[in-house]
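Take a moment to look at it before reading on.

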Amino acid sequence: MGEMFTLFEIDMQLSDVIAVTAMCLSISMILTGLPLCAQIRREGTAHVQLFPFVAFFTNCVLWTKYGILIHDNAILFVNLFGSILEAIYVLVYFLHTNNKGQVYRYCAASAFFIFPILTYIRLGYGQHATTVKILGSMCQVACVITFGSPLAAVRQVLETKSTETMSLPWCTMGTLCAFQWFFYGYLISDFNVQIPNFLGFLLGLFQIYLIFLFRPRRMYKRVPQNL
């Protein structure tokens with residue numbers, strides 16, 4: 001009995017450590033939107049895409065509700081933080097873009113995706129286990145949607161054979177973050193956390209592979225020889 005309790009205690013401590021490190025990495029990645037907002041204020045929105053902001057906002061809102069339902073503070077906190085920051089990013093984009101119709105369309109699509117799910121949960125039509133299962137499935141779908149930007153970058157790399165649009169530190173951090181959340185999902189036995197983050201981990205590994213596959217070759221200056 002003592003050994004079983006010790007192992008359980010160690011497992012709980014490990015899950016807490018993984019949760020904290022995953023949260024720190026996730027928050028660091030969310031904060032990378034701040035330089036983009038500064039760029040938008042200086043140069044406008046010509047070189048910044050709106051889709052990632054709206055997609056991540058949608059994703060974070062659903063995962064915030066999921067964290068509430070399963071009483072998981074790590075999932076709740078990091079996604080609540082992400083929801084607030086991504087909403088601010090969308091607002092900054094809206095204030096500095098000339099194509100406000102695009103913002104309206106993207107936000108409407110996000111609302112049509114979010115509100116029916118939250119309304120279903122609020123009205124309490126199903127049992128708690130059923131509600132968690134449905135919301136978890138929608139969270140997985142939202143995660144897959146957020147893969148749109150990385151997949152577009154992968155497609156561009158495969159077409160151009162150039163990885164100038166990819167950042168090795170960013171891809172490495174994203175890959176490590178996805179792995180940590182996958183491992184955390186494994187520790188708490190939650191497939192809704194495991195599946196999308198495992199897919200994100202594989203996508204991150206593929207991006208890193210492409211960066212090394214198509215890395216620019218160094219140009220060496222030929223040293224003149226005295227004849």
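1. First, a word on the ground rules. This is a predicted model, in which local features need pLDDT of at least 70, side-chain atom pairs count only at pLDDT 80 or more, and totals for chains, interfaces and linings use all residues. Residues are numbered from 1 along each chain as its sequence is written, and side-chain values use heavy atoms, with hydrogens and water left out.

2. How confident is the predictor? The score is pLDDT, given for each residue from 0 to 100. The protein chain has a mean pLDDT of 85, with 88% of its residues reaching 70 or more. Helices here are DSSP runs of H or I with at least four residues, numbered from the N terminus. Among the chain's elements, H4 has the highest mean pLDDT (95) and H1 the lowest (76).

3. A contact means heavy atoms within 4.5 Å.

4. Now the rings. Rings of Phe, Tyr and Trp (its six-membered ring) pair if their centres lie within 6.5 Å; planes under 30 degrees apart are stacked, over 60 edge-to-face, and the rest tilted. That rule gives eleven aromatic pairs. One of them is phenylalanine 53 with tyrosine 89, a tilted pair at 5.5 Å centre to centre with 50° between the planes. It links distant parts of the chain, since phenylalanine 53 is in helix H3 (residues 51–70) and tyrosine 89 in helix H4 (residues 73–96), 36 residues apart.

5. Is serine 15 buried or exposed? Serine 15 counts as buried because its relative accessibility is 6%. You'll find serine 15 in helix H1 (residues 2–31), touching Tyr184 and Leu187 if you skip residues up to four places away in sequence.

6. Most residues other than glycine have a negative phi. Histidine 71, however, has a positive phi near 60°; histidine 71 sits in the loop between H3 and H4 and is exposed at 69% relative accessibility. Serine 189 also has a positive phi near 60°. Serine 189 is in the loop between helix H8 (168–187) and helix H9 (191–213), and is exposed at 60% relative accessibility.

Key:
Helices (H or I, at least four residues) and strands (E, at least two) are DSSP runs, numbered from the N terminus. Buried means under 20% relative accessible area, exposed over 50%, partly exposed in between (1.4 Å probe, protein chains only). pLDDT is the predictor's confidence in each residue, from 0 to 100.
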